[in-house]
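Subject: Structure handover

Hello,

Here is the structure you asked to look at. Please open it beside this email and follow along.

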Amino acid sequence: MDTPGITALLSTTATALLSTTATTLLSSSTALPPSEGEEPTPEDEERVSSQALLILVSLLIAALLTSYYLQRWRIRTVHETVLSIFAGMAVGLVLRFSTGSYIKRIVTFDHTVFFNMLLPPIILNCGYNLQKTSV
């Protein structure tokens, strides 16, 4: 198997997704996001929400594609979660240095959503799949 070719393909795919996201964020300069004290207009809210959704969906697609290619070519040197973490860090750096504070507030991690909606199914799934051993 051609491991350098696979990594080049994965890095090209990730770079294309990140550049598309960054280009979309930077190209929409027709209406600047509101400053800290101003209330955003509905058009600004809609535009920023759609950009945030584009970022999240492109990260999800990138994670699915990398997982698929890692499993298809049986690459065991790196796990797909490591690649997902690095992709999220790269997008976070692009957001931190290129956009205003309004999109940062939308994309910011909310701990209440994690603890109330995402964590219980993970715990229940682990408990359901737990192997019973004789005590």
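Below is what was found, from the overall fold down to single residues.

**How to read it**

This is a predicted model, so local features need pLDDT of at least 70, side-chain atom pairs count only at pLDDT 80 or more, and totals for chains, interfaces and linings use all residues. Residues are numbered from 1 along each chain as its sequence is written, and side-chain values use heavy atoms, with hydrogens and water left out.

**The fold**

The protein has five helices and zero strands. Along the sequence the pattern reads α-α-α-α-α. Helices (H or I, at least four residues) and strands (E, at least two) are DSSP runs, numbered from the N terminus.

How much of the protein is buried? Buried residues make up 19% of the 135 residues. Buried means under 20% relative accessible area, exposed means over 50%, and partly exposed lies in between (1.4 Å probe, protein chains only). The areas themselves come from the Shrake-Rupley method with a 1.4 Å probe; for residues, only the protein chains shown count as cover.

**Helix α2**

Start with α2, residues 42-72. This helix has 31 residues. From first C-alpha to last it reaches 44 Å, close to the 45 Å expected at 1.5 Å a residue. The expected span is 1.5 Å times one less than the number of residues.

Several α2 residues are buried, including Q51, S58, A62, T66, S67 and L70. A52 is also in α2. It counts as buried because its relative accessible area is 4%. A52 and V107 are 55 residues apart in sequence, yet 6.3 Å apart in space, C-alpha to C-alpha.

Is L64 buried or exposed? L64 counts as exposed, because its relative accessibility is 56%. L64 and S84 are 20 residues apart in sequence and 9.2 Å apart in space, C-alpha to C-alpha.

**The core**

Which residues make up the largest nonpolar core? There are six: V48, I55, V91, L95, Y102 and I103. Helices α2, α3 and α4 (101-107) each supply at least two residues of this core. A nonpolar core is a set of buried Ala, Val, Leu, Ile, Met, Phe, Trp, Tyr and Cys residues joined through side-chain atoms within 4.5 Å. In soluble globular proteins, nonpolar side chains tend to be buried together.

Now the surface. L53, V57, I61 and L65 make a nonpolar patch of about 320 Å². Patches are made of residues with over 30% relative accessible area and no salt bridge; like charges are joined within 9 Å, nonpolar side chains (Val, Leu, Ile, Met, Phe, Trp, Tyr) within 5 Å. V57 is in α2. V57 is partly exposed because its relative accessible area is 39%.

**One salt bridge**

A salt bridge is a side-chain nitrogen of Lys or Arg within 4 Å of a carboxyl oxygen of Asp or Glu. By this rule the count comes to one. R47 pairs with D44, with the closest N and O atoms 4.0 Å apart. Both residues lie in α2, three residues apart, about one turn of the helix. An α-helix has 3.6 residues a turn, so residues three or four places apart point the same way. Both R47 and D44 are buried.

**Aromatic pairs**

How many aromatic pairs does the structure hold? It holds four. Rings of Phe, Tyr and Trp (its six-membered ring) pair if their centres lie within 6.5 Å; planes under 30 degrees apart count as stacked, over 60 as edge-to-face and the rest as tilted.

Y69 and W73 are stacked, at 5.0 Å centre to centre with 15° between the planes. Y69 is partly exposed, at 21% relative accessibility. W73 is partly exposed, at 24%. F109 and F114 are tilted, at 5.9 Å centre to centre with 50° between the planes. F109 is exposed, at 62%, whereas F114 is partly exposed, at 27%. Ring pairs also link Y68, Y69 and W73 into a cluster.

**A positive phi**

Last, look just after α2. There R74 takes a positive phi of about 50°. Most residues other than glycine have a negative phi. R74 sits in the loop between α2 and α3 (80-98). R74 is exposed, because its relative accessible area is 61%.

Best wishes
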